[in-house]
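Trainee: Could we go through this one together before I write my notes?
Mentor: Of course, open it up and ask as we go.

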Amino acid sequence: MDRKRHIAIFTTASLPWMTGTAVNPLFRAAYLAKNGERKITLVIPWLSLKDQKLVYPNNTKFGSPSEQESYIRQWLDERIAFIAGFTIRFYPGKFAVDKRSILPVGDISKIIPDEEADIAVLEEPEHLTWFHHGKRWKDKFRLVIGIIHTNYLEYVKREKNGQFQAFLLKNVNSWVVSIYCHKVIRLSAATQDYPRSIICNVHGVNPKFLEIGKKRFEQQHGSNQAFTKGAYYIGKMIWSKGYGELLKLLHDHQKELAGLEFDLYGNGEDSGQIKEAASKLKLMVRVLPGRDHVDPLFHDYKVFLNPSTTDVVCTTTAEALAMGKIVVCANHPSNDFFKQFPNCRIYDDENGFVEVTRKVLSEVPVPLTDAQRGELSWEAATERFLRVSELNQVCTTTETEKKSSKKFASVSLNLWKNIEDTSAYFHYLALGYEATRRAFGAIPGSLQPDEEQRKELGLTN
């Protein structure tokens, strides 16, 4: 009898979109599968050609899911030193231009057959379940773990009627996550609170960044200068990704920061406005196209400036630390994990930003110890995930819960479960009609995959 646990990891994005919810779940799948003790399936969105053109960079297109899978596996193989034995499956998705996000189409839990359903990891559970209409995740899977990646409330607050929208969204998020997840992992305290949640950073960095950091350390101890460039920032070029805060700081403190040369790298909807704003500064600020952070172009920079307060745990900050750079970031819950590293410099206010920035430009980064490098690795992140998710206790716990549920249900004493079941049923009913789906903000026609998606994915029902 095959006693391996089967973990299905569902996420909201896929390569070549270089976003955290595409990259981090991919590494999570690889490292959970590394020792062969578990069966791992990564479930990612498939976009039809018209949406691929809107989402994927450099005009990258795929004619079939198998073609995209080959691309993803090649990308991963170039970054890890072991064979990643996991399965990739695709669910139908559509790109919502107004939300700048990929949303599921239909009941994506069907991608995992009932006989294989064991443990589900929902990367961005609120995002995956806002418009879910199908079998309840908790009924299909023995354990459902949600991992909160995104500080949606902070983004929404910056829009028109932001405070009111954030209030509504907070309650909707709590509702859907509560009815669909047994356990919730928040990457940092920057996210809203959830029932049954724990705060733990279960992300690591691409091993290539740790290799780069080791080489820089060796150069520092040799005759070569490890860092020959000054300060930079890399991120999706939209105002809410730290560019607003950064350009305001640079604008308001041009005199104090005179002589600073600073490079911004990124692509995004607001790149034109950001470039225009940067050109009005007296400082030397160059706005350049986005690149993969592992690109040799970035190796020589010494300082990574990141004033963003919309992140939950910023992947590029972790990558910069892994490469041995000094990181300057705000005293914000999203940066709590990074405070343990000697090259992380925290500031509390604008004057603190100026003071820290001027100081680090003349300093030499402190080499990371083996233990510090290990803390940034995916091996350590996987250990943290296994610990806080308590996967080893799943068999014992769920069997006990099933027996308890039967006992309580038989005498109608399990009031909370009945309330939760009723709430889940209401969500199921409400999201089964096109009118209510649109009222909630769903993409029109997303209740079921269209013919094109069915054909591309080989779906029969």
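Predicted model: local features only at pLDDT ≥ 70, side-chain atom pairs only at ≥ 80, totals over all residues.

Trainee: Let's start with the mixed sheet, then. What is the strand order in the open sheet of 8 strands?
Mentor: The order is β4-β3-β2-β1-β5-β6-β7-β8, and the pairing is mixed. The edges are taken by β4 (101-104) and β8 (197-199), each of which has a single partner strand, so one side of each is left without a neighbour in the sheet. On average, neighbouring strands here are turned by 30° against each other, direction ignored.

Trainee: How many bridges join β2 to β3?
Mentor: There are 6 bridges between β2 (residues 38-46) and β3 (residues 87-96), and the two strands run parallel. Within that pairing, leucine 42 stands opposite isoleucine 88 of β3, while threonine 41 has threonine 87 in β3 as its bridge partner.

Trainee: And on to β4, do β3 and β4 run parallel or antiparallel?
Mentor: They run antiparallel, joined by 4 bridges, with phenylalanine 95 opposite isoleucine 102 in β4. The two strands form a hairpin with 4 residues between them, and arginine 100 in the turn has a positive phi of about 55°.

Trainee: Why is β3 described as largely enclosed?
Mentor: Because 8 of its 10 residues are buried, β3 is largely enclosed by the rest of the structure.

Trainee: Switching to helices, how do α1 and α3 pack?
Mentor: Helix α1 (residues 20-32) meets helix α3 (residues 65-77) at an angle of about 75°, and their axes are 11 Å apart. That angle makes α1 roughly perpendicular to α3. The contact involves Val23, Leu26, Phe27 and Ala30 on the α1 side, and Ile72, Trp75 and Leu76 on the α3 side. By class, the residues of this contact are 7 nonpolar, no polar and no charged.

Trainee: What about the other sheet, which strands does the open sheet of 6 strands have, and in what order?
Mentor: It has the order β11-β10-β9-β12-β13-β14, with parallel pairing. The edge strands are β11 (284-288) and β14 (344-347), each pairing on one side only, and neighbouring strands of this sheet are turned by 25° against each other on average, direction ignored.

Trainee: Which strands does α9 touch?
Mentor: Helix α9 (residues 243-252) packs on this sheet and touches β9 (229-234), β10 (261-265), β11 and β14, its direction making about 165° with that of β10. Helix α12 (residues 350-360), for its part, lies across β12, β13 and β14, running at about 155° to β14.

Trainee: Last topic, the cores. Which residues have the most contacts inside the largest nonpolar core?
Mentor: Those are Phe86, Leu250, Phe262, Leu264 and Leu376, in a core of 102 residues. Helix α1 gives the most to this core, with 8 residues.

Trainee: What is leucine 264 in contact with, leaving aside its neighbours within four places in sequence?
Mentor: Its contacts include Tyr233, Met237, Tyr243, Leu246 and Leu247, as well as Ile274, Val285, Arg286, Val287 and Leu288. There is also a second, separate core of 36 residues, among them Ala8, Ala120, Trp137 and Val176.

Technical notes:
Residues numbered from 1 in each chain as written. Heavy atoms only, no water. Axes fitted to C-alpha atoms, helices over the stretch in contact; angles between N-to-C directions. Parallel < 35°, antiparallel > 145°, perpendicular 65-115°, else oblique. Contact = heavy atoms within 4.5 Å. Nonpolar A, V, L, I, M, F, W, Y, C, P; charged D, E, K, R; others polar. Pairing = 2+ DSSP bridges. Core = buried A, V, L, I, M, F, W, Y, C linked by side-chain atoms within 4.5 Å. Buried < 20%, exposed > 50% of the residue type's maximum accessible area, 1.4 Å probe, protein only.
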